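Work through the exercises below with the sequence and the model open. Each task is followed by its solution.

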Amino acid sequence: SIGVSIFFIPLVFTEHEPVYTCYLLAFVVFITPAFACPSFTQERERGTFDLLLTTLVTPEQVIVGKLVAACRSTGVLTLFLSLPLALGLVKDMTFADLAKHAAVVGMTIFATAVMSLFFSLFFRTTLVALVSTYLTVLFLYVTPALSFKILEAFAGASYSEGTWVVVTSPFFAAFSVGNWEAQGRLFPQGGISKDMVWAGFNLLYLVLSVGLLAAMRAGYDRFTTGRRAVRMGP
């Protein structure tokens, strides 16, 4: 990943920072479920859930602890790749734009980790949790915005009519930051302000993540009792 990022560094100096941010987002979306999905399912597969439940650790501590571990693993790896983005400050990027890019990447890590933990708790196997997470992320992050741009190009859909769908995509949120060439074509007049896209994205997934965490706590006792262990091998 570090080697691939070298080819994206020139974009930072040509006022195309959103492209580099999209590379970071793709990296985040790819690796976060791999760290977070096994959090609960491997407890079941290894037969250690009973031991976890006999400790004095509360459900809130278990959920928050596993969430912090998943976000920390992804965050550290992403931080190594994010350092070249700061080189944009040498050119024309401002500290405010850098903070906005960081907010989009950070919220993507947090929201993806929460969704991964949600499926890890409510499904029994790591494979099912992984597939469910990747399909959900694909649907939320890519499909709505991509579908709208296709309809806009081939069916004449108005930006003002479907502008809300781009808020679900971190990639569109990244492209809404700053002022760069061709940004006006991606966010034409008539829809919500481009400055509201990245803010709307962060607010939307903050609310969604809090809701999923609340659902995990509400269903924790139910989904951690009964038949839990899935034996692997003979």
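**Exercise 1.** How many salt bridges does the structure hold, and which side chains meet in them?

Solution. This predicted model holds two salt bridges.
- Step 1. Take Glu43 and Lys66: their side chains meet in a salt bridge at 3.2 Å, N to O. Glu43 sits in helix 3 (residues 38-45) and Lys66 in helix 5, 23 residues apart.
- Step 2. Take Arg217 and Glu60: their closest N and O atoms are 2.6 Å apart. This pair links helix 11 (residues 194-223), which holds Arg217, to helix 5, which holds Glu60; the two residues are 157 apart.

**Exercise 2.** Describe the lining of the largest pocket.

Solution. 
- Step 1. The pocket holds about 160 Å³ of space.
- Step 2. Its lining residues include Leu24, Leu79, Leu98, His101 and Ile109. Helix 5 (59-82) and helix 6 (95-122) each give two or more residues. Helix 6 has the largest share, six residues.
- Step 3. Sort by class: seven nonpolar, five polar, no charged.

**Exercise 3.** Which residues make the nonpolar surface patch of about 630 Å²?

Solution. 
- Step 1. The patch is made by Leu127, Val131, Leu135, Leu138, Val142, Leu146 and Ile150.
- Step 2. Check one member. Val131 lies in helix 7 (residues 126-154). Its relative accessible area is 41%, so Val131 is partly exposed.

Technical notes. Residues numbered from 1 in each chain as written. Predicted model: local features only at pLDDT ≥ 70, side-chain atom pairs only at ≥ 80, totals over all residues. Heavy atoms only, no water. 1 Å grid on protein atoms, 1.4 Å probe; cavity = no way out; pocket = protein on both sides within 12 Å on 5 of 7 lines; lining within 4 Å. Points joined across faces, edges and corners; volume = space filled by probe spheres on them. Helix = DSSP H or I, 4+ residues; strand = E, 2+ residues; numbered from the N terminus. Nonpolar A, V, L, I, M, F, W, Y, C, P; charged D, E, K, R; others polar. Patch = residues over 30% accessible without salt bridge, like charges linked within 9 Å, V, L, I, M, F, W, Y side chains within 5 Å. Areas by Shrake-Rupley, 256 points an atom, 1.4 Å probe, with all protein chains shown as cover. Salt bridge = Lys/Arg side-chain N within 4 Å of Asp/Glu carboxyl O. Buried < 20%, exposed > 50% of the residue type's maximum accessible area, 1.4 Å probe, protein only.
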